[in-house]
Amino acid sequence: MNIKKTSLNNLHIKYGAKLVEFAGYQMPIQYKDGIIQEHKYTRSHSGIFDVSHMGQLFISGGDDLTNDLEKIFPADLKKLKTNQSKYSFLMNNKGGIQDDLIITKTSDGFLIILNAACKYNDYEVIKSKLDNQYKLILDESLSLIALQGPEAKNVLNKVIPGCDSLKFMNGNNHVYKNEKVYITRSGYTGEDGFEISIKNSDAETFVESLIENGSKLIGLGARDTLRMEAGLCLYGNDLDNDTSPIEANLKWAIPKSRIETEFVGSEVLKNQFQSGVKKLRVGIKPDSKVIARGNTKIYNDKNQEIGKVTSGTFGPSVEHPIAMGYVDNSYSTVNTKIFLEVRGKKIPANICNLPFYKKNYVKGEINV
Amino acid sequence: MSEVKYSKEHEWIKLDGEEATIGITKHATEMLGDIVFAELPEKGSNVDKDGTAGVVESTKAASDVYTPVSGEVIDTNQMIVDDPSKINEDPEESAWFFKLKIKDKSEMDSLMSKEEYEKFAKETSA
């Protein structure tokens with residue numbers, strides 16, 4: 001298979017990126033400064049992330065579109081105002097998550113941002129569930145750039161004036177070099193920030209102008225440590241086909257108004273809402289400096305296996321190892337003592353609240 | 001005169017009499033990225049040539065540290081356990097990993113000189 005390149009590939013090379021293959025794309029894992037400096041720069045100033053590998057699916061056409069999409073997604077799309085975004089899921093009939101995504105209502109339909117590794121399959125699934133009745137465009141002529149961090153609004157406002165008036169989880173059309181760009185206020189780092197959908201041919205000059213205004217390119221490595229500190233899930237690690245949104249502790253993303261209604265996987269979710277779940281995603285803080293990575297087995301104090309870690313790293317801002325994973329529900333209470341099997345040793349750890357890092361917008365606050 | 005040699009697993013070893021000091025090379029730290037965790041062998045334990053004698057972890061992944069020669073661990077560097085970022089800063093001097101009382105000096109013979117290692121590192125990372 002040919003490895004795809006995003007429109008920023010030359011720019012990644014120019015800024016000294018270490019490139020790796022990710023979901024079929026050649027992507028920057030880090031630049032010259034390294035993961036920790038990139039992570040900290042995003043938290044203290046602002047970071048630019050090339051997320052053009054993600055899918056931008058535009059759906060339009062027909063008065064019944066909102067109704068028909070509600071049969072697929074457990075979001076309250078009827079209440080969604082134009083330019084408002086919601087986090088939701090594409091599920092299978094067993095309530096397992098096929099992808100986690102952001103749905104934004106646009107002037108003529110909906111824009112759905114999909115994970116890179118899932119996007120082609122999502123497209124087919126959604127198209128077939130909609131009985132081919134609507135216009136679906138997985139638009140690869142557009143790049144997607146995320147700008148994240150406390151200075152993101154100031155940097156972006158210099159390049160595209162007026163975007164700082166956007167509210168969180170809202171979007172709007174703006175103009176860059178006489179071309180339309182679509183900007184949402186959202187992100188994946190626990191910081192304030194924006195995602196900018198822009199024509200491939202304009203992406204490079206746009207990113208250069210963000211850099212000229214003080215921002216820096218950040219690789220997938222820091223994107224991963226930032227999202228883990230923010231307690232956010234990575235599809236394929238923390239979410240998969242065998243895990244429901246309730247088990248993933250993402251119940252907040254299923255509005256009460258939809259629980260009694262029908263959508264793909266609704267029966268399983270309704271049942272889980274009523275009777276609870278066997279496993280639950282939790283935050284995990286090891287007592288020592290040992291890092292527990294994905295697939296680390298979790299034990300109780302009687303040496304019985306009770307779950308496994310799905311993501312783990314060293315948190316550069318919290319300056320401590322952090323992890324998340326799934327445990328038997330009876331061990332999911334905060335401060336429950338658990339043990340992580342790392343290199344044959346049982347490492348003591350505690351169940352803890354997510355996120356590990358919580359931004360206080362007046363001054364930074366750390367939550368470990 | 002002390003002798004410094006290098007292994008294919010990117011460790012360096014400096015031999016002073018019977019005392020061997022072992023660490024990882026600058027090239028290794030550049031491949032690993034920011035090091036955030038280090039685990040060292042226990043003082044008094046015996047390690048065998050090419051066996052695991054420690055672990056380093058970057059934000060991304062864990063890697064084993066091997067010992068290029070056999071011997072008894074006589075000292076370990078607590079500084080790098082307390083602050084693993086020192087390994088990135090000064091890998092071939094102050095951020096050594098452990099010291100051994102070498103068992104068999106002839107095990108040094110199969111290791112690479114500085115020039116040989118630099119050539120090896122360049123070829124394997126290309």
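1. The C-alpha trace of chain A spans about 65 × 50 × 45 Å along its principal axes.

2. This is a predicted model, in which local features need pLDDT of at least 70 and side-chain atom pairs count only at pLDDT 80 or more, while totals for chains, interfaces and linings use all residues. Residues are numbered from 1 along each chain as its sequence is written, and chains are lettered from A in the order in which they are written.

3. For chain A the mean pLDDT (the predictor's confidence in each residue, from 0 to 100) is 95, with 97% of residues at 70 or more. Over residues 361–365 of chain A, however, the pLDDT is below 50, and this stretch has three contacts in the model beyond near neighbours in sequence; two residues are in contact if their C-beta atoms, placed from the backbone, lie within 7 Å.

4. Among contacts in chain A with a separation of 6 or more, 65% join residues 24 or more positions apart.

5. On the side of chain B, nine residues are in contact with 13 residues of chain A. Helix 2 (35–44), helix 7 (220–229) and strand 17 (305–315) of chain A are the elements that each give two or more residues to the side touching chain B; helices (H or I, at least four residues) and strands (E, at least two) are DSSP runs, numbered from the N terminus.
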